[in-house]
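The points are numbered and can be read with the sequence and model alongside.

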There are 2 protein chains.
Amino acid sequence: MTTRTAPADNQPRTPPRRGRPRKGASTLTRDAVIEAAISVIDDAGVEAVSMRTVARRLGVDAKSLYNYVDGKDNLLDAVAEHILTGVALPEPTGSLDTDLRAIGRTFRAGTLAHPRAGALVLTRQLSSTAGLRPVATVLSVLRAAGCGPEEAVHLLRTLLAAVVGTLLREVAAGPTFGVVGPEATAKRQRDLEASGLPVLVEVAPHLARFGHDEEFEYALDLIVNAVTRKVHESSPASSQAPSA
Amino acid sequence: MTTRTAPADNQPRTPPRRGRPRKGASTLTRDAVIEAAISVIDDAGVEAVSMRTVARRLGVDAKSLYNYVDGKDNLLDAVAEHILTGVALPEPTGSLDTDLRAIGRTFRAGTLAHPRAGALVLTRQLSSTAGLRPVATVLSVLRAAGCGPEEAVHLLRTLLAAVVGTLLREVAAGPTFGVVGPEATAKRQRDLEASGLPVLVEVAPHLARFGHDEEFEYALDLIVNAVTRKVHESSPASSQAPSA
DNA sequence: ACCTGAACACCGTTCAAGT
DNA sequence: ACCTGAACACCGTTCAAGT
């Protein structure tokens, strides 16, 4: 099924050269390699990434990449880190509810800036500091709202798991949870109605359709409400103002 | 870094044979292929799966698998489906709270029956009915509790996203969210304290450690409480009994 | 310092033969 | 009906050369 043909990649392939680059324009850097990988992903998905396809974008031999990147796995980690570093986190306002929602939304926007790299960013386990920035931001907001350190960590983990789960479904959107577009929705609804399970028939119109924004907002609302309630019930401090 | 050496796989490799099997013992079936793939995953992880390694387990040539499976991608889908089909879902008791927790726990146990296949099961988008069983079960429980069809679908999606997010972190456990084991925890704590970000220093002891069961239960509790509250506030019906 | 040729040990998959 | 040999177009990666 997955036949191997020419990779979806047509860059101007310069005739073979050797030694170091001719001019002083040594355009090859670690960042250039990472960005080339991202452009391959944007165009053809993660599975299209190979040392050879990335190198081709740069008009360079695959083995040259090893001067900047410690193998393919390391390159993919670097891609995830690069994208994660690019997520712009909002300034806290002092309202737990507002801040958690804002963090959730900007995190979504940032990780979906390159949708086809989404699974990478959400799934790769980063040992670096890149992954810690959003973590630190959420923790700050929780602590500022009067949450104890242990509970803050628990709530952070729950919140992030929910957000990541939601986003992962969004980037990998499969039929189990509904499809996008009217014709696909109609087909899916017919399939569900033919499934034989009465509950599925009952909810078919709703289960068949899926709106990314709407679903994200629903999930975010539910989870942020739950977190906020938990924080306020365990620390009966301020209600809205920072510490007036 | 990832050097290719002999795959971690030492099965009795019979001398080459040709034509169909000698005895009537045509042991090769689609299920046998799927189970061989699972055993490769259990032993060496998903990335160790190749048509060749799976075939080796069965004492057969890689190309023979194509008689039972439509390529590698289809094989991995089949693995995910096989494992998902094996999750034993509990009988509903009539209590929304109890039932959602029970479903969450058995879903966890089922998808983690083969931990190294976890990401596959949680991530692959199944077009088949296998993925619909848990979906239908959750929907039934929500509907029985008086939840309307549209809200049931929203709540199902939120609940499953949170559970999947939590389990995905569990199977792919990386350092960002804490590590397992006392010595790794100690090292992680030192790293966090050296990070420079004050919040991280503050919560380091809690962020460094990670207990799978404890974290799952915390997340499950938070989310199930939120779902239950939402259902009860929008349909002020029974409190505990089915419909007495 | 940074590049490539040659080379190695892998891949997934097709197709025409074999029994 | 089900298996394999030969073959093809790919992989990631090492290492010794080249400039």
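1. B:Arg57 is buried, because its relative accessible area is 16% and buried means under 20% (exposed is over 50%, partly exposed in between, with a 1.4 Å probe and protein chains only). B:Arg57 belongs to helix α2 of chain B, residues 51-57, where helices are DSSP runs of H or I with at least four residues, strands are runs of E with at least two, and both are numbered from the N terminus. Its side chain makes a polar contact with the side chain of B:Ser39 at 3.0 Å; such a contact is a pair of N or O atoms within 3.5 Å, and within protein one must be able to donate a hydrogen and the other to accept it, while residues adjacent in sequence count only if both atoms are side-chain atoms.

2. This is a predicted model, in which local features need pLDDT of at least 70 and side-chain atom pairs count only at pLDDT 80 or more, whereas totals for chains, interfaces and linings use all residues. Residues are numbered from 1 along each chain as its sequence is written, chains are lettered from A in the order in which they are written, and side-chain values use heavy atoms, with hydrogens and water left out.

3. The mean pLDDT (the predictor's confidence in each residue, from 0 to 100) of chain A is 87, and 84% of its residues reach 70 or more. Over residues 1-15 of chain A the pLDDT is below 50, and this stretch has 12 contacts beyond near neighbours in sequence, a contact being heavy atoms within 4.5 Å. Where pLDDT is low, the predicted coordinates should not be read in detail.

4. Chain A has 10 helices and zero strands, and of its 244 residues 45% count as buried.

5. What area is buried between chain A and chain B? The value is about 5,200 Å², of which carbon and sulfur atoms give 66%; buried area is the accessible area (1.4 Å probe) that two parts lose on being put together, summed over both. A:Arg157, A:Tyr218 and A:Leu222 supply 14% of the area that chain A buries against chain B, more than any other three residues. The contact takes 57 residues from each of chain A and chain B.

6. Between chain A and chain B there are six salt bridges, each a side-chain nitrogen of Lys or Arg within 4 Å of a carboxyl oxygen of Asp or Glu. B:Asp221 forms a salt bridge with A:Lys230, with the closest N and O atoms 4.0 Å apart.
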